[in-house]
Amino acid sequence: MRFTLSDDQNEIKRTAKDLLAARAGVAALREHAEGAKYDDALWKELCELGWPGIAIGEDHGGQGLGLVELCVLAEELGYACAAVPFLGTALAALALEAAGDTEWLPKLASGEARGALGRIGDLIPDAVDADVVVVVDGDGNASIADDVEAVDAIDSSRRYGRVNSPGATSLGDVSAGLDRALVVVAAEIVGVMQRSLDMAVEYVKERKQFGVPVGTFQSVQHKAAQMLLDTEGGRSATYFAAWTADAQPERLSSAAAMAKAWTSDRGRETTGSNIQLHGGIGFTWEADAHWWYKRAQLDAAFLGGAGEHRARISQLVGAERAGAAA
Amino acid sequence: MDLTFTESETAFRDELRDWLEANPPGAEPTGEDDNYAWRRDWQRRLHEGGWAGVHWPTEYGGRGASLMETAIFFEELGKAAAPLPANVLGLLLAGPTIMIWGTDEQKERYLPPILSAEEIWCQGFSEPEAGSDLAGLKTRAVRDGDDWVITGQKVWTSGAQYSKWCMLVARTDFDAPKHKGLSYFLMDMEQPGVQVVPLRQITGDPEFNELFIEEARVPHENLLGGEGNGWKVALTTLMNERAGLGFFLQVRLRQMLDELYDEAGRSGALDDPRVADALADLHIRTEILRLTAYRGLSVIEQYGQPGPEGSLVKWLWSETNQMLTQLAPGLVGTDALTAGTRWSYELLRARGNTIEGGTTEILKNIVAERVLSLPRAGR
């Protein structure tokens, strides 16, 4: 057993981290989020590097890598809170792949088209101005949305939209793609959590009160330790789920629900703790802690919140136990 | 990333499973002494089968198993409802510490009877006034010819009544800074200067003891790692404390959770969204601590040093075990609150989990300082 990234996967992570640190720093995030616009130049660059198509099959013009690699990129983009339509495009591809699509995948892989995926009635990231928006109704039936209503979400680092009814083009059952999508969202939240932890740790080492860094106070230390536990726990669950998707798909549903439930709750906690550990300054716009807090709120609700996924886990485990007894 | 066992790991597991199937531990006897004798006999059988010191190097009679195989060993033990070997402190703590710090004579003398459970070991570290602040311990050792004369008090000494030897840390230099004046002794428990008094815990059982040490004598040759080096040697012991054991405990947690799912399924309680939510939360915690423990081992195997994962597992396990055993009465009924039942024992015993082997508060300090590199806290 080897539950660590391979050398190639580590290389992808390092490259992504370096690129985003150079190209998608806080100044860039602020500029685009305040202007409610995407960073088109960065997106173009990421498309040229093949990021949107990393997990799309080579026969559709993608790189043909796995969900683990896709999660590595999603995590780093969450870390940067980058203002690019990556998540929507990657998730649309997962759903369309599950539906057996051949038309959209090459366009999504190359970045020629943007996509989005979400539930009817919910806030769907990257849905505005997307070329293809896959929506799922309460019974799990997917279709391509005809109309998208733009919504100004509290997370202004990307454009959210709402779709109120199924589209004319039906895609059937895409549930396998939805489970994979959950894992990618969880990976984004892990990146969001890691960034919040790093920001908080850096701040409490510097900020002095009573003549000492506030990071010497046990109450502060224990909060930071909890953030680490929550982040690392999310990372374990997410990469396990990502691995099952390609290696043991029969375990994916439960693993994906687990990753999404944990990161939804703990992501909000951790990003909130970052604000708390910054004290009053953390509550200001300038401190920038809020970007990740807001992203965590939208991600937590997206494709079902923690409670819904816990309910699903108990159904799955209950059924498995009943099956084992019978 | 590959979360399946390798061929050699699978072979190891299958061989162990076959052995466990052919050598079932039998039903657990009630009564403390009978239970202990059963676990001692169990270790003898493990030893005869070559499974007592799986993680020990072959030169010391072990199997030379990798970290992952050691984890598999403890998982399989748990899955087979087998007990931990009686000399668990000798196997996990004393043995590895002696391997690192012992002289050739010490290794030859002490290691074989640890494996065979001929000589049981206990750990004399904590004192009434030195718990989390271990280096503040006061038990004193004074040189007298070829001997050291030891006087003081130790506490939380599990298995002391069955032990031949004690890993004892005592102060040999009262003028040195507190971490520097300590020495590590291998103390014979069978002498008039050592008195073992059972300490009754909240479960009602005397799982732990107090040691009253009054001019006990330890020959100079039983010093481990040299005079004044006790803190370093003790850290070796403490570093070993959680290795492996976590996988056994994690399996036990999973088994109890499965029982609760079964019970909730039978009674219909699983249809109650609050119950389903609470059980799912426990499932997630249990899975995440298992996965994080495996991740921690993979990091050590690959990079040669531990990442942050290992320090999180005990914290998560102890919290989760408390949550689970507190949920149980709502599902299994009044039986779980009736004195003498297994669930009521588990409920009460779990309360110690966030204290023993390092309190959760100290673990959080360690995580903050060593993993997050925050400045050292005022205590």
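Two residues are in contact if their C-beta atoms, placed from the backbone, lie within 7 Å. Keep that in mind as you work through this predicted model.

**Exercise 1.** Find out where Thr263(A) lies and which residues it touches, leaving out those up to four places away in sequence.

*Solution.* Start with the helix: Thr263(A) is part of helix 9 of chain A, residues 252–278. Next, apply the contact rule. Beyond four places in sequence, the partners of Thr263(A) are Ala186(A), Ile189(A), Val190(A), Gly234(A) and Thr238(A).

**Exercise 2.** Decide whether Thr263(A) is buried or exposed.

*Solution.* First, recall the cut-off: a residue is buried if 20 or more other C-beta atoms lie within 10 Å of its own. Then look at the count: Thr263(A) has 34 C-beta neighbours inside 10 Å, so it counts as buried.

**Exercise 3.** Work out which strands stand at the edges of the four-strand sheet in chain A.

*Solution.* Write down the order of this open, mixed sheet, which is 1-3-4-7. Now check the ends: strand 1 (115–119) and strand 7 (169–173) of chain A each have a single partner strand, so one side of each has no neighbour in the sheet. From one strand to the next, the twist averages 20°.

**Exercise 4.** Describe how strand 1 of chain A is joined to strand 3 of chain A.

*Solution.* Begin with direction: the two strands run parallel, and five bridges join them. For one example, take Arg119(A), whose bridge partner in strand 3 of chain A is Val136(A).

How values were computed. Residues are numbered from 1 along each chain as its sequence is written. Chains are lettered from A and ligands numbered from 1 in the order in which they are written. This is a predicted model: local features need pLDDT of at least 70, side-chain atom pairs count only at pLDDT 80 or more; totals for chains, interfaces and linings use all residues. A residue is buried if 20 or more other C-beta atoms lie within 10 Å of its own, exposed if 12 or fewer, and partly exposed in between; C-beta atoms are placed from the backbone. Two strands pair if DSSP finds at least two bridges between them. Axes are lines fitted to C-alpha atoms, for helices over the stretch in contact, and angles run from 0 to 180 degrees between N-to-C directions.
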